[in-house]
Amino acid sequence: MKAIVIGTPGGPEALELQDVPAPEAGPGEVLIDVIAAGINRADVMQRQGHYPVPAGASEYPGLEVSGRIAALGEGVEGFAVGTEVVALLTGGGYAEQVAVPAGQVLPLPDGFDAVTAASLPETAATVFSNLFMAAGVKEGDYVLIHGATGGIGTMAIQMVAAFGAVPMVTAGSAEKLELAESLGAKVLINYKEQDFVEAVREATGGHGADVILDVVGAKYLQRNLDALAVAGRLVIIGLQGGTKAELNLNQLMTKRAAVIGTTLRGRPVEEKAAIMSAVGEYVWPLLVSGQIRPLVDRTFPLAEAAAAHEYFDSGQHAGKILLTI
């Protein structure tokens, strides 16, 4: 089969289409003929050499796909060959086929085409597991979302609104804030022109953000704590602004706040299966009803993965970028 292989880590040119051995479905696994794969920042970090592949995972990038089941491994029940599905992966999605534990596979939401559905697994699992399973977002909470118009941000805005909480967002342009507003964001903050800490305090009457979903990391750590409400929860899922920073622990204790750092890729299979089961139970109905919708910016053929990453790196996209097989 053909797959995207990372040659020498670096820029988009590191992504090379090569012939590689096809995978097989092991016990408890499903073999999928890939239709489309989503591009995520973790893929970019892997391409750059900053994200080591977890032990036992495919060395090819790609953390989410849609496709058709080609074969079932020993012991797999509840699926049939030919069924269109989506899957959350530990790697290997930029390829014509991928094998994945059956617990990380879901049928397509009713009414969705397979290409569009490829934008869902990693995004929906990341948002639901972090905001609702880890941070316990509840109705009425103020939720600050950094990186509002990426794949994670656009899904987070809609999911927060659908569950009755209040989405607040940061973005770097009026156009991106307008998009965020169209998805349900109630508080719009241009981080290039406004201090988001002051904007959050003003918008909440001094209460602060009950939950913050952060992709920036070190650069925003102290300011995120400043913006948190008493008993607030800061969930860090990205490190675009660095990995090391000082934090006022007295302030953290006084606010009785929590700082939660998570990744999805390296979690045990059992945890991923539990997350995907919750996504199927709570998020799929929202997609079917139209309360939330995936946002796909552009699609590229698998052979043009380098061009797709170049576009991702530009920061011009709003929503997901997909590779089609």
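1. Basis. The model is predicted, so local features need pLDDT of at least 70 and side-chain atom pairs count only at pLDDT 80 or more, while totals for chains, interfaces and linings use all residues. Residues are numbered from 1 along each chain as its sequence is written, and side-chain values use heavy atoms, with hydrogens and water left out. Helices (H or I, at least four residues) and strands (E, at least two) are DSSP runs, numbered from the N terminus.

2. Faces of H6. In helix H6 (residues 196-203), Phe 196, Val 197, Ala 199 and Val 200 are buried; buried means under 20% relative accessible area and exposed over 50% (1.4 Å probe, protein chains only).

3. Cover and ends of H6. The buried residues of H6 are covered by elements including strands S8 (142-145), S9 (166-171), S10 (187-190) and S11 (209-214), and helix H7 (221-227); contact here means heavy atoms within 4.5 Å. At the start of H6, a side-chain oxygen of Asp 195 lies within 2.8 Å of the backbone nitrogen of Val 197. Gly 205, which follows H6, has a positive phi, near 65 degrees.

4. Largest pocket. A pocket is an open set of points on a 1 Å grid over the protein atoms alone, where a 1.4 Å probe fits, with protein on both sides within 12 Å along at least five of seven lines; lining residues have an atom within 4 Å of a point. Of the 49 lining residues, Arg 41, Val 215, Gly 238, Gln 240 and Phe 312 lie nearest the centre. H3 (121-134) gives the most to this lining, with four residues. S9, which also covers buried residues of H6, supplies at least two. The lining has 18 nonpolar, 23 polar and eight charged residues, with Gly counted as polar.

5. Second largest pocket. Strand S6 (97-101) gives the most, with five residues, and helix H9 (269-289) supplies at least two. By class, the lining has 16 nonpolar, eight polar and four charged residues.

Methods. Polar contact = N/O pair within 3.5 Å; in protein donor to acceptor, adjacent residues only side chain to side chain.
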